[in-house]
Amino acid sequence: MLTRFQGDYQSSVDVVVSALRDRLHITETGLFDGVALTASSRPAKTLETLRDKLRRGLPLRTIQDIVGIRIVGDMHLSQQDDLAEAIARCFEGARVDRDDRRIRPSFGYRAVHVIPHVVGFPVEIQIRTGWQDTWAQGSEKLGDVWGRWHRYGLPPEGPTQDERDRRARWISEYIRMGDRIYDHELALNSRFRLARRQEELLGLGGDERAEASAELSRTADLLREAAEEVIATNRKMANQMNTLVSVAGLESAR
Amino acid sequence: MKFFLLVYDKRAGKLREEREYPASEKARAFDERRDLMLQHRLDPNVEVALLGAESRDSLIRTHSRYFKTLQELARGA
């Protein structure tokens, strides 16, 4: 039954893939705001994952990621916003849901999901920055070995209580790692936006440039502060990585 | 767009099998996915995934979990 249901989604995902390719040129060589994006589609989620969701009581029709598309790029948070907006505009006239999991992370998972309803079915488009994707892939990898339950806020599997406790500590530190990564992304984004504004101001000519001199000076000061913030958040991220490794070591998590 | 059929051993964290299909053979990719799912249905450690991408490199970028160890993922961060 699930296999047949997945088949019904096929035309929906095909429409979405075509729209992204033809309207936004998201292909292997496509650029969005100067960022190289990589996309892939999942024509059908694994049955095991679907069964997990059904066991949690989610009705099949409400599961939005039965089929989906993932876009990954080394972009800043504001570029991620812009991309999500551009994608939503591709489906004007249709219902388009948006789920910003950067603000409300799902047990550490951060991304922006845009979900157009096409040919009667929702198709989840996951938009991840490089940092968000690396964290998510690590979380999924942990799920392979320790069970997927931590992704739903439940304790990990393990042969003994001590081992389950150790894994729970590890996962807790891994989620904290995601928070530190996001702090760093926020700092990088702030610096990126200020640098863009500075470029705009420097590009002004004559009188306009003179009028903007106060803002230009202020922007330069803010850029210095933003650069210091980037260094600070980077240091916190590195410290958290050391904590993570010291809790159990990457070796034991495979 | 090509299709990639992966048979992934979760416990070992490694791919057991990988097949590639051109867009024109999408139906065959789906048929073979169904056969592999039936073949491995009793093994909870095996995941059969069918994914579409422009190239294998694209797939490694968006689904690195299937191709890299946790240490390799951490090194890439």
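**View 1. Salt bridge between B:Arg61 and A:Asp74 in the predicted model.** The two side chains meet at 3.2 Å, N to O. A salt bridge here is a side-chain nitrogen of Lys or Arg within 4 Å of a carboxyl oxygen of Asp or Glu. Between chain B and chain A the count is four.

**View 2. The side of chain B that touches chain A.** Strand 1 (2-9), helix 1 (26-39), strand 3 (46-53), helix 2 (56-62) and helix 3 (70-76) of chain B each supply at least two residues. Strand 3 gives the most, with seven residues. Helices (H or I, at least four residues) and strands (E, at least two) are DSSP runs, numbered from the N terminus.

**View 3. Area buried between chain B and chain A.** The two chains bury about 3200 Å², 53% of it on carbon and sulfur atoms. B:Arg61, B:Thr62 and B:Leu70 lose the most area in chain B, together 22% of what that side buries. Buried area is the accessible area (1.4 Å probe) that two parts lose on being put together, summed over both.

**View 4. Helix 5 of chain A (residues 130-146).** Of the 17 residues, 15 are buried, meaning under 20% relative accessible area (1.4 Å probe, protein chains only). A:Gly147, just after the helix, takes a positive phi of about 95 degrees.

Residues are numbered from 1 along each chain as its sequence is written, and chains are lettered from A in the order in which they are written. In this predicted model local features need pLDDT of at least 70, side-chain atom pairs count only at pLDDT 80 or more, and totals for chains, interfaces and linings use all residues, while side-chain values use heavy atoms, with hydrogens and water left out.

Note on methods
The expected span of a helix is 1.5 Å times one less than its number of residues. Buried means under 20% relative accessible area, exposed over 50%, partly exposed in between (1.4 Å probe, protein chains only).
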